[in-house]
Number of protein chains: 2
Amino acid sequence: MEFEFIKQLVKPDETTKIVLLVLDGLGGLPVELDGATELEAADTPNLDALAARSICGLQEPIGPGITPGSGPGHLGLFGYDPLKYQIGRGVLSALGIDFDLQEEDVAARGNFCTVDEEGKVVDRRAGRIPSEKNEALCALLRQIQLPGAELFVRTVKEYRLLWVLRGQGLGAEIAATDPQETGVAPLEPKPSSKESEKTVRLVKQFLKEAHEILSDHQPANMVLLRGFSKRPVWPLLSHVYGLRAAAIARYPMYRGVARLVGMQTLGSSDSVEEEFDVLEQHWDDYDFFFVHVKRIDSAGEDGDFERKVARIEEADTQLPRILDLEPDVLVVTGDHSTPSKMRYHSWHPVPVMLWSEHCRPDRVKKFGERTCLTGGLGPRIPAVDLMPLAMAHAGRLKKFGA
Amino acid sequence: MEFEFIKQLVKPDETTKIVLLVLDGLGGLPVELDGATELEAADTPNLDALAARSICGLQEPIGPGITPGSGPGHLGLFGYDPLKYQIGRGVLSALGIDFDLQEEDVAARGNFCTVDEEGKVVDRRAGRIPSEKNEALCALLRQIQLPGAELFVRTVKEYRLLWVLRGQGLGAEIAATDPQETGVAPLEPKPSSKESEKTVRLVKQFLKEAHEILSDHQPANMVLLRGFSKRPVWPLLSHVYGLRAAAIARYPMYRGVARLVGMQTLGSSDSVEEEFDVLEQHWDDYDFFFVHVKRIDSAGEDGDFERKVARIEEADTQLPRILDLEPDVLVVTGDHSTPSKMRYHSWHPVPVMLWSEHCRPDRVKKFGERTCLTGGLGPRIPAVDLMPLAMAHAGRLKKFGA
């Protein structure tokens with residue numbers, strides 16, 4: 001559904017409340033054929049009871065076979081077509097470390113790398129230097145002065161850094177300097193717009209001085225930049241859906257993506273329990289709550305089946321706290337699958353259920369990958385379709401046509 | 001499927017027959033959790049027997065979460081993308097009272113309203129005056145003479161009226177005068193095309209004179225107009241699908257929408273039985289029959305679960321009469337759901353089955369919301385996809401490509 005279409009159907013004065021509970025990396029795989037997935041193996045009496053009175057299914061975050069990064073995985077759930085609303089890597093890096101990116105800033109993702117005497121890249125990750133070393137080097141790079149622009153260089157992790165230029169009339173249409181291979185020199189930062197030409201001169205000056213400063217800091221003796229981008233200006237949830245939306249998430253990346261669509265970010269909590277505390281405290285102030293539970297995904301990425309099961313069970317124990325708040329609509333799903341068997345994000349559809357007074361329950365009695373296959377939402381509903389459905393079930397959409 | 005694509009596959013000389021039986025507002029909800037929907041509760045031996053040899057599923061009339069009006073709900077079933085083929089409110093009003101709208105006419109939906117001494121709207125519906133009062137006032141408004149154009153003012157119901165201007169070179173790109181709120185004056189009817197400028201002068205003259213005529217007819221002392229529109233000119237069913245199509249429907253609105261896509265409207269029948277009489281009488285004359293059964297929806301809108309069940313059972317008893325005619329394809333569905341629990345149209349997908357000699361039956365043995373979930377058409381097939389499927393099952397589409 002196009003935003004322009006949805007917008008004209010939104011009832012402006014509704015006061016119903018929607019909760020989107022994202023169990024990061026929820027979907028999984030059985031380790032053995034005929035075995036259970038992590039969710040199927042987990043003892044989840046609360047999720048199962050909710051499934052029995054919800055409409056269930058499996059949602060496809062981006063499209064068939066597409067493994068979502070965390071940004072696109074969440075944008076779909078927020079109702080933003082992830083193929084249309086794309087976030088540059090530079091901007092994502094900024095979101096990931098809570099950097100307060102301004103509208104005119106140009107951001108890039110940087111790598112410390114190793115170049116040989118001829119200037120050819122021999123290690124794109126500078127031997128994966130520790131974060132402490134990265135911090136010391138970033139402090140050195142921050143000494144570089146560029147005419148008419150302010151420079152920010154921030155440590156992300158290990159060899160990765162955030163590079164931001166702030167000033168007037170800067171452009172971000174600049175090709176990456178990272179050649180994505182070794183044995184060749186870094187690429188020239190080529191501009192593809194008039195506005196970016198001046199910016200490229202600053203990038204070149206930075207790279208030249210960085211090379212000099214880093215020359216005796218082997219293996220991190222050079223910097224590669226890619227994903228030059230500006231903070232996107234998108235329609236906000238308030239504008240499209242008429243929602244006062246809030247995000248409760250521990251990690252900066254999720255808070256950052258939520259802010260891009262106009263959510264207020266609430267508190268920073270250290271545990272699932274604390275996230276639900278925050279939800280309870282702010283219940284009266286918003287119409288839409290995105291609650292993000294990270295640790296399930298982390299267990300999947302560590303390949304720890306049992307820990308992922310335990311994390312799902314932990315989330316299950318907190319579910320009644322949401323129900324006690326009596327939301328009008330509750331959607332439970334993940335932003336993607338992270339099968340512990342694969343130790344990585346995957347393309348597999350993610351179990352989803354939508355509960356509301358007005359949902360049409362199906363025959364699914366248990367929340368799991370295989371049980372949800374016969375649910376009313378179907379086995380492959382696009383993630384982006386969930387938001388209009390949540391809005392409808394909350395009584396927030398008018399009839400289309402007479 | 002785009003019409004241009006379908007068109008090139010249509011076999012011109014086929015003589016097979018398709019029946020589309022629309023049980024208006026068919027889909028429902030259980031009143032109690034674990035309860036049955038209206039269709040599930042109904043005793044429908046004929047529908048169930050047909051389901052057992054049909055391909056079944058649930059169709060989504062417009063899109064996820066979108067509640068269809070009757071116009072868009074039917075257009076999808078006729079194979080017209082309801083988001084692309086939109087009908088203005090003025091035209092819909094004309095269709096709804098069987099007004100014979102000409103191609104050049106400009107139609108608008110009108111409300112009698114109440115304005116105060118300063119001309120500000122205090123009641124957009126004029127205290128919901130009875131239809132008889134409306135008729136008397138429309139007779140007065142018909143006295144207004146406009147230069148170079150013919151004026152029609154017709155009662156729709158209570159405070160609602162149809163306003164039509166007939167003449168040469170009129171435009172309908174005119175903004176509504178209905179401010180959609182009280183405490184403000186009616187809006188000026190602003191033109192957004194050259195053609196509409198002249199028309200706007202006539203609209204203004206009408207509104208000025210109407211205000212004078214109605215001044216001592218409190219509370220209906222003014223008229224608001226919106227949805228200025230002309231009868232759309234669309235590809236016809238004969239042109240796209242090569243079908244001689246006929247509509248059997250009691251209510252003007254449905255006949256009107258059917259005429260927009262080129263159906264012939266047959267007789268006006270007072271009961272379901274009579275509708276099937278009409279079908280039998282005209283069986284040899286057409287290839288495609290749209291048969292509309294209204295009373296199921298009416299029961300749903302009245303919130304009368306038991307009556308909706310009874311109306312569904314009534315339709316069930318008539319089903320063998322269609323089968324006796326030996327159609328090549330029979331599609332049974334609704335244009336939208338009308339759960340009696342909600343007393344209103346809703347966004348919930350609608351049970352659908354398609355029978356033909358060539359359909360691939362699934363394992364669905366009973367026609368209902370939950371049984372159809374595992375049918376061969378899937379739990380969320382777009383309504384607009386049914387028409388190409390009906391055409392294929394009728395042997396009316398050629399192979400695509402060599």
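Predicted model: local features only at pLDDT ≥ 70, side-chain atom pairs only at ≥ 80, totals over all residues.
In chain A, helix H10 (residues 272-281) packs with helix H12 (residues 305-324) at an angle of about 15°, and their axes are 10 Å apart. Because angles under 35 degrees count as roughly parallel, H10(A) is described as roughly parallel to H12(A). H10(A) passes H12(A) in a right-handed crossing. On the side of H10(A), the contact is made by Val272(A), Glu273(A) and Phe276(A), while H12(A) contributes Glu314(A), Ala315(A), Gln318(A) and Arg321(A). By type, the residues of this contact divide into 3 nonpolar, 1 polar and 3 charged.

Strand S7 (residues 222-229) of chain A has 8 of its 8 residues buried, so this strand is largely enclosed by the rest of the structure.

| Strands | Sense | Bridges | Facing residues |
|---|---|---|---|
| S1 (residues 18-23) and S10 (residues 288-293), chain B | parallel | 6 bridges | Ile18(B) and Phe288(B) |

The pair from chain B belongs to an open sheet of 8 strands with mixed pairing, in the order S9-S8-S10-S1-S11-S12-S2-S13. Strand S9 (264-265) and strand S13 (378-382) of chain B stand at the edges, each with a single partner strand, so one side of each is left without a neighbour in the sheet. Helix H13 (residues 386-393) of chain B packs on this sheet, where it touches S1, S2, S11 and S12 of chain B, and the direction of H13 makes about 15° with that of S12(B).

Note on methods. Residues numbered from 1 in each chain as written. Chains lettered and ligands numbered in written order. Axes fitted to C-alpha atoms, helices over the stretch in contact; angles between N-to-C directions. Helix = DSSP H or I, 4+ residues; strand = E, 2+ residues; numbered from the N terminus. Parallel < 35°, antiparallel > 145°, perpendicular 65-115°, else oblique. Left-handed = near helix turned anticlockwise from the far one by under 90°. Contact = placed C-beta atoms within 7 Å. Nonpolar A, V, L, I, M, F, W, Y, C, P; charged D, E, K, R; others polar. Buried ≥ 20, exposed ≤ 12 C-beta atoms within 10 Å, placed from the backbone. Pairing = 2+ DSSP bridges.
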